[in-house]
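Colleague: I am new to this structure and would like to learn how to read a few of its features. Please show it to me first.

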Amino acid sequence: MARTPLLAGNWKMNMDHLEATHLVQKLAWTLGDAQHDFNRVEVAVFPPFTDIRSVQTLVDSDELKIAYGAQDVSAQDNGAFTGDISVSMLTKLGCSYVIVGHSERRQYHGETDTEVGAKAAKALAAGIVPVICCGEALEVREAGKHVEHVLGQIDAMFSGWEADAVGRVVVAYEPIWAIGTGKVATPADAQEVCGAIRARISERFGAGAAESIRVLYGGSAKPGNIKELMAQRDIDGALVGGASLKPEDFAAMAEYQKM
Ligand code: PEP
């Protein structure tokens with residue numbers, strides 16, 4: 001089964017709703033000029049919560065093919081969870097995707113694999129595809145334990161899941177030492193872990209789930225390295241931070257097949 005590559009732009013805590021509208025407009029124009037084929041490479045943006053309504057209005061009114069999602073979601077349905085946002089709120093805003101378990105959420109908000117797995121399951125049950133992040137810190141890589149560490153995260157996050165559900169999600173392997181640092185993992189390093197993730201999914205959930213799950217690489221991906229990363233067998237796209245704030249760069253990355 002062919003997996004459609006996904007280029008996902010994580011804006012983090014950047015861009016207010018007016019800036020968001022401009023950024024999506026510029027991205028749409030640039031992709032339009034390049035005659036981007038969204039059936040060949042999907043493009044999604046992940047603005048802050050406060051921007052999503054504006055992005056939805058623009059995407060709907062201009063019939064854009066750019067998908068969008070949120071950067072986090074609660075595992076709870078509703079109630080006394082101050083500051084949290086529910087899956088049904090995101091569904092109403094037309095989100096197709098949601099990032100869960102980004103290393104910055106784990107670092108600054110103490111999110112655990114179990115919580116991340118619960119958020120992902122909640123989103124998927126409501127029809128929103130979770131982009132589930134994992135990845136090791138520098139000390140773990142230097143100790144040569146990166147594959148073991150990431151597979152431990154995968155096992156914990158998918159504990160109790162059914163194969164059919166696992167096959168419908170996106171996993172983003174993001175070595176923490178490569179996020180926002182300019183230090184990109186080599187294509188071979190990225191492939192090593194992305195391949196190990198797919199092999200583990202196959203072992204635990206079967207070949208069907210492993211064939212259909214999309215595995216992205218994230219960490220200082222940019223126009224200059226995307227082509228080589230995407231040439232790796234088990235890399236189905238990229239989760240992009242910094243470069244997704246520059247529409248020309250992000251659009252160029254979406255066009256990696258023409259490089
Ligand atoms: C990210 O935030 O997920 C990320 C990969 O950031 P950057 O591309 O800036 O390293």
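Colleague: Is Tyr-97 buried or exposed, and what is its relative accessible area?

Modeller: Buried means under 20% relative accessible area, exposed over 50%, and partly exposed in between (1.4 Å probe, protein chains only). Tyr-97 has a relative accessible area of 4%, so Tyr-97 is buried. Phe-46, at 0% relative accessibility, also counts as buried. This is a predicted model, in which local features need pLDDT of at least 70 and side-chain atom pairs count only at pLDDT 80 or more, while totals for chains, interfaces and linings use all residues. Residues are numbered from 1 along each chain as its sequence is written, and side-chain values use heavy atoms, with hydrogens and water left out.

Colleague: How many aromatic pairs does the structure hold?

Modeller: A pair of aromatic rings is described by the distance of the centres and the angle of the planes. Rings of Phe, Tyr and Trp (its six-membered ring) pair if their centres lie within 6.5 Å; planes under 30 degrees apart count as stacked, over 60 as edge-to-face and the rest as tilted. The structure holds 4 aromatic pairs. One of them joins Phe-46 and Tyr-97, a tilted pair with 6.3 Å centre to centre and 55° between the planes. Phe-46 lies in strand S2 (residues 42-46) and Tyr-97 in strand S4 (residues 97-100), so this pair ties together parts 51 residues apart in sequence. Strands (E, at least two residues) and helices (H or I, at least four) are DSSP runs, numbered from the N terminus.

Colleague: Which kind of pair do Phe-158 and Trp-161 form?

Modeller: Phe-158 and Trp-161 form an edge-to-face pair, 5.0 Å centre to centre with 80° between the planes. Phe-158 counts as buried at 0% relative accessibility, and Trp-161 is buried with a relative accessible area of 14%. Ring pairs link Phe-158, Trp-161 and Phe-205 into a cluster.

Colleague: Which residues of helix H7 are buried?

Modeller: They are His-146, Val-150, Leu-151, Gln-153, Ile-154 and Met-157. Seen down the axis of H7, these buried residues fall within an arc of 155°, an arc taken over the directions from the helix axis to the C-beta atoms. They therefore line one face of the helix.

Colleague: What do the buried residues of H7 pack against?

Modeller: Contact means heavy atoms within 4.5 Å. The buried residues of H7 pack against several elements, including helix H4 (103-109), helix H5 (113-125), strand S5 (129-134) and helix H9 (187-205).
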